[in-house]
Amino acid sequence: MYVTPEKFMSASKASVETALAIAEAQFAAAEKVAAVNVASAKASFQDAAEHMRAVLSAKDAQELMQINSAAAQPSIEKAVDYARTVYDATTQAQANLVKALDAQTTELNKAFGTTLEAFAKNSPVGSDAMVSAMKSTLAMFNAAYDNASKFAKQTSTAIDHQFANATQATRAAAKRRS
């Protein structure tokens, strides 16, 4: 069994579709982060303008201190919420990328395995060692990919926990401060 032009075109088309899906997902994530940045900048400007008006209307130093103290807590909360939103968007983009790459890797492995089996059936006498070496190489690649995938998932989970802990600690510190 040989690779026909139709099979080659089909594989090429699938690769292009996967690449386009990945690009679309990354653009969607970038668009979401950009929208969050614009909304955050707008809200920050409005908050700063309101704060400046309040500061300018303060009658004494004590009222000025109260205005500044009152502004600190919402600012910290907004910063934490902003970080969480950006983190969630980038994490979702990463998950979509990993999903697409996993699907592409599975498809490539299947195609390579099929091609290898066809080669093994039609190979000349004495090429058993080469076919075995190729199968072994494929198995090692799959094992390495699985290990890397598991490590990436464990790392991502650890980062999620660290981010959640940092968020809680920041909010707790801000509440103690006010």
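Is Tyr87 buried or exposed in this structure? With a relative accessible area of 15%, Tyr87 is buried (buried is under 20% relative accessible area, exposed over 50% and partly exposed in between, with a 1.4 Å probe and protein chains only). The model is predicted, so local features need pLDDT of at least 70 and side-chain atom pairs count only at pLDDT 80 or more, while totals for chains, interfaces and linings use all residues. Residues are numbered from 1 along each chain as its sequence is written, and side-chain values use heavy atoms, with hydrogens and water left out.

Helix 2 covers residues 61-122 (helices are DSSP runs of H or I with at least four residues, numbered from the N terminus). Its 62 residues reach 90 Å from the first C-alpha to the last, close to the expected 92 Å (1.5 Å times one less than the number of residues).

Two aromatic pairs are found in the structure (rings of Phe, Tyr and the six-membered ring of Trp, with centres within 6.5 Å; planes under 30 degrees apart are stacked, over 60 edge-to-face and the rest tilted). Tyr87 and Phe163 are stacked, because their ring centres lie 4.3 Å apart and their planes meet at 10°. This pair joins distant parts of the chain, since Tyr87 belongs to helix 2 and Phe163, 76 residues away, to helix 3 (residues 128-177). Phe141 and Tyr145 also form a stacked pair, with centres 6.4 Å apart and planes at 25°. These two residues sit four apart in helix 3, so about one helical turn separates Phe141 from Tyr145. Phe141 is partly exposed at 45% relative accessible area, and Tyr145 is partly exposed at 25%.
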